[in-house]
Amino acid sequence: MTAAFRLTDTTLRDGSHALSHRFTEEQVRAIAGALDAAGVPVIELSHGDGLGGSSFNYGFSARDERDLLAEAADVVRRAKLAVLLLPGIGVAWDLKVVREIGAGVARIATHCTEADIAEQHIRMAKELGMEAVGFLMMSHMVEPPKLVEQARLMESYGADCVYVVDSAGALTIPQARERVRALRDALGCEIGFHAHNNLSLAVANSLAAIEEGATQIDGCLSGLGAGAGNCPIEILAAVCDRLGIPTGVDPFALMDAAEEVVRPIMPRQQIIDRSALLLGYAGVYSSFLLHAERASERYGVPTHEILVELGKRKVVGGQEDMIVDVAVELAARSERGDI
Amino acid sequence: MERVPCAVVGTGNIGTDLMEKLRRSEVLELRAMVGIDPQSEGLAKARSYGIEATHDGIDWLLAHTDGIRLVFEATSAKIHARHAPLLRDAGLVAIDLTPAAVGPAVVPPVNLRQHLEEPNVNMITCGGQATAPIVAAVSRVTRVPYAEIVSTVASRSAGPGTRQNIDEFTQRTARGLESIGGAEHGKAIIILNPAEPPIVMRNTVYCALPGGADRDAVAASIQEMVTEVASYVPGYRLKSPPLFEDGSFRTPAGEVPARVIALLEVEGAGDYLPRYAGNLDIMTASAVRVAETLAVERLREGIPP
């Protein structure tokens, strides 16, 4: 039976945030191998902030992402390999390198109002014969008509699919639904949905997206990802099974992989604690969480206060440098007794 | 001192902001605004100031060079690539604000003195003007194995040229951190933020520090450089004193035990461009500083124009 949607696993990309970008060759081989064996059709791998993300600002990778991609390419037999690229962080040239290593899908991510900075990268992906996916991050920050306008730009550059990306895990079910529906109605290309679980809605929003016509869905084993994590694919697969939605993947193999391959390497469980919940509530980029915790420790201000302040300032994805800025300012304020 | 005649080619936002700044210069005299669009607001403004304004483009300028010695190019990389040889043959010194990079990149307090005789100098990028001086301030005190910058600008202040070729910004800025800043490896990141009201340009500079670096000297050198840049970009300031963080950072140049972080804000002067557009203001303010320095020094040294 044909699958109702194509599953893209991003354990080795979004999950990289949760591991502070320290995946090893062995872990990559084990995870990519298990995903491939379970029938997952697309596996994304790169630094959490995309190609070229290894930096002071986002954290240095323990291993070169290109070497890790080569390990994944070596073990997968059926799955396509994908990479993420954020224009402004990585460059179009990076795609040539990963194309040669074996990546077949280029996912080009911009803030949901800045799609036009992705033109050269989407075109480059197509020139290289890759599948191009447009990734509109922080989609909760704009209303559906604006999102449609931006998605149309990505489609016009050649994107084969455009994603509604809930980077902050801030979308409620109706909000996720109306965004996917608006894109579905306006675009000719495929529509995708990428969830974060900060409001405990990752699986529910993904199901709503499928109902509205999304044909590409992201998730991670055990939800391993930024903030409270992504949509756990073993749960999504199990729920879809119960609902009679064909997924094309083996839910039992995914449960095994989540339990036996990913859980043992998780630095902590993907729980929705106060800070994670506040990411969703205040609409803050999920990968800020661990950076905010480190800044909290260094500058002696509570993590949740940093996150709330970042939300107030309408900081967007990639502005991790603002976390230190906010922490320093809050520390100075509390020293003066302003709080 | 008699003021040195100059012209601005390109009458959009940047060219018009240059005009406003040049009207205040005690060293330069703006003789002509050169555009191609008769409806241009910049040209109308120039006329209202009594400045010669033409929409006949570079051909007009080449036919009316009398006395003009310096030309600001505020068009596009493609157009400047075509203009550059024409200006050079006409004996005009070009200060290029486009990404054409025909001539060497200059940052006034760091390397301008090495390029006083060039017929064409380039202003790199807004991020480069804002951050290369800080890297240079650190590298004059200690080795900088790796430097990284993050420039965040208001979406509204990023024009179509920047948007369509954002890689050019990151790559050229990164090279500037190396060739001008003195870092062994450089990386640049740019973020566009659409918040309303628009945010003021932000820059964060991270420099890797080798063990035993003299932190007081690094901090003092950064402060001194900020004062120097602020002398020609009044809205350029540190948000907090330089921050030193210990850790083990696996940079592309090897592991380092510490880093220094400079958090900078650049608010525009609000001449023609809005105040939040510090990224554009730092380009025009730096270009005027470059031109003033060239005017004074070339004349003093007897270098032909």
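This passage walks through the two chains of a predicted model and then the contact between them. Because the model is predicted, local features need pLDDT of at least 70 and side-chain atom pairs count only at pLDDT 80 or more, while totals for chains, interfaces and linings use all residues. Residues are numbered from 1 along each chain as its sequence is written, and chains are lettered from A, with ligands numbered from 1, in the order in which they are written.

Chain A comes first. Its secondary structure amounts to 14 helices and eight strands, where helices (H or I, at least four residues) and strands (E, at least two) are DSSP runs numbered from the N terminus. The radius of gyration of chain A, 19 Å, is close to the 20 Å that the globule rule gives for 339 residues, so chain A is as compact as a globular protein of that length. For reference, the radius is taken over C-alpha atoms, and the rule is 2.2 Å times the number of residues to the power 0.38. The C-alpha trace of chain A spans about 65 × 45 × 45 Å along its principal axes. Of its 339 residues, 62% count as buried, with a residue called buried if 20 or more other C-beta atoms (placed from the backbone) lie within 10 Å of its own, exposed if 12 or fewer do, and partly exposed in between. Take the contacts in chain A with a separation of 6 or more: 77% of them are between residues 24 or more positions apart. A contact here puts two C-beta atoms, placed from the backbone, within 7 Å.

The eight strands of the chain A barrel run β1-β2-β3-β4-β5-β6-β7-β8; the barrel is closed and the pairing is parallel. Two strands pair if DSSP finds at least two bridges between them. On average, neighbouring strands of this sheet are turned by 25° against each other, direction ignored. Such angles run from 0 to 180 degrees between N-to-C directions, and the axes are lines fitted to C-alpha atoms, for helices over the stretch in contact.

Strand β2 (residues 42-45) of chain A is joined to β3(A) by three bridges, in parallel, and A:Glu44 sits opposite A:Ala82 in β3(A). Five of the six residues of β3(A) (residues 80-85) are buried, so this strand is largely enclosed by the rest of the structure. Further along, β4 (residues 103-111) and β5 (residues 131-137) of chain A pair in the parallel sense over seven bridges, with A:Thr110 opposite A:Leu136 in β5(A). Helices lie over these strands too: α4 (residues 92-101) of chain A lies across β3 and β4 of chain A, at about 150° to β4(A). Helix α6 (residues 144-157) of chain A lies across β5 and β6 (161-165) of chain A, at about 160° to β5(A).

Chain B has ten helices and twelve strands. A compact globule of 305 residues would have a radius of gyration near 19 Å, and chain B, at 19 Å, agrees. Its C-alpha atoms fill a box of roughly 60 × 45 × 30 Å along the principal axes, and 52% of the 305 residues count as buried. Of the chain B contacts between residues at least 6 apart in sequence, 70% join residues at least 24 apart.

In chain B, six strands make an open sheet with parallel pairing, ordered β3-β2-β1-β4-β5-β6. Its edge strands, β3 (52-54) and β6 (120-122) of chain B, each pair on one side only. Neighbouring strands of this sheet are turned by 20° against each other on average, again ignoring direction. Within the sheet, four bridges join β4 (residues 70-73) and β5 (residues 93-96) of chain B in parallel, and B:Leu70 has B:Val93 in β5(B) as its bridge partner.

Helix packing also shows up in chain B. The axes of α6 (residues 126-139) and α9 (residues 215-230) of chain B come within 8 Å and cross at roughly 145°. By class, the contact of α6(B) with α9(B) has eight nonpolar, one polar and one charged residues. Here Ala, Val, Leu, Ile, Met, Phe, Trp, Tyr, Cys and Pro count as nonpolar, Asp, Glu, Lys and Arg as charged, and the others, Gly among them, as polar.

Finally, the contact between the chains takes 31 residues from chain B and 25 residues from chain A. On the chain B side, β8(B) gives the largest share, six residues. The residues of that side divide into 13 nonpolar, ten polar and eight charged.
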